[in-house]
Amino acid sequence: MVDATASPSIRSPAGHGESYSTGHENSYARHLTPDHRGKGAANAFLATRISFINAMAELCEKTGADVRQIALALGYDHRIGAKGMRPGLGFGGGCLPKDLAGFTHRAEELGADTGLLRQVAAINRRRREHTVELAREALGGTVTGKRIAVWGAAFKAHTDDIRDSPALSVADALQRAGAEVIVHDPAAMENARRAYPQLDYADDPTGAVTGAGPLLHLTDWTQYSDADPADLARHIAVPKVIDARGSLDANRWRAAGWTFRALGRP
């Protein structure tokens, strides 16, 4: 197993580099009906909102500020609202990445500027890369031969859908960098096993963390936020957690002896 000196690369769903290309942009862009254009524009806009608050998270990490306070302030403005302003690991699934890629491709065909759309995708990709880098930092700069626990496989909670899952993208990058990655998800295990047989899987959250460390919280299932960090600390080898979804109680985990790190906040 080889550990790269730079951050392990984040692959697209098909494993073809860094873009969110789905391979269907041409037909997608040419055959859109007005209704489909409206849906696609809505999804591209939702992706933009998510990437905007994650860009603010990047800024907060440079200054020690808390991005949740920015999200709260934006939510009070009736012109903006709070929906879609939750910072974290970014978007995935079968709609937002596809529609964003389709709009970008069509804009390029028409000779329009795609800078905004490309930045939306780039920010989303950087959240994944940054989470991989945080795992490396937690392990002293190398993940080779290390056992890392991952909570989450679905692209979001309450589904077994793993299409362009940020959680599995991060897990895959760590595994390719030489780590032993153990994944748990309440609903998406079967799909994840088929798509990522190179990863290891645990039947329950405690099984994933046993003998591992750090723990990466990558899909915000309630089961994970309700877990007892004091009990988990008795099983994990390296009591460090990286909360990439912002739904764990930092004070509770720190009080149980964990080193706690979250995206966009202290």
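1. A word on terms before the pairing: two strands count as paired if DSSP finds at least two bridges between them. Please also keep in mind that this is a predicted model.

2. With that in hand, look at strands E2 and E3. Strand E3 covers residues 200-201 and pairs with E2 in the parallel sense, over 2 bridges. Within this pairing, valine 183 has tyrosine 201 of E3 as its bridge partner. Between the two strands the chain passes through helix H7 (residues 189-195), and this β-α-β crossover is right-handed.

3. E2 also has a parallel neighbour in strand E1 (residues 147-151), to which 5 bridges join it. Together with helix H6 (residues 166-176), E1 and E2 form a right-handed β-α-β unit.

4. How many residues of strand E2 (residues 180-184) are buried? The count is 4 of 5, so the strand is mostly covered, where buried means under 20% relative accessible area.

5. Now the largest pocket, which may interest you for your own calculations. Its space comes to about 540 Å³. It is lined by 21 residues, and those closest to its centre are Ile50, Gly90, Phe91, Lys156 and Arg245.

6. Which classes make up the lining of the largest pocket? There are 10 nonpolar residues, alongside 6 polar and 5 charged ones.

Notes: Residues are numbered from 1 along each chain as its sequence is written. This is a predicted model: local features need pLDDT of at least 70, side-chain atom pairs count only at pLDDT 80 or more; totals for chains, interfaces and linings use all residues. Side-chain values use heavy atoms; hydrogens and water are left out. On a 1 Å grid over the protein atoms alone, a cavity is a set of points where a 1.4 Å probe fits but cannot get out, and a pocket is an open set with protein on both sides within 12 Å along at least five of seven lines; lining residues have an atom within 4 Å of a point. Grid points are joined across faces, edges and corners, and a volume is the space filled by probe spheres set on the points. Ala, Val, Leu, Ile, Met, Phe, Trp, Tyr, Cys and Pro count as nonpolar, Asp, Glu, Lys and Arg as charged, and the others, Gly among them, as polar. Buried means under 20% relative accessible area, exposed over 50%, partly exposed in between (1.4 Å probe, protein chains only). A crossover is right-handed if, with the strands pointing away from the viewer, the path from the first strand over the helix to the second runs clockwise.
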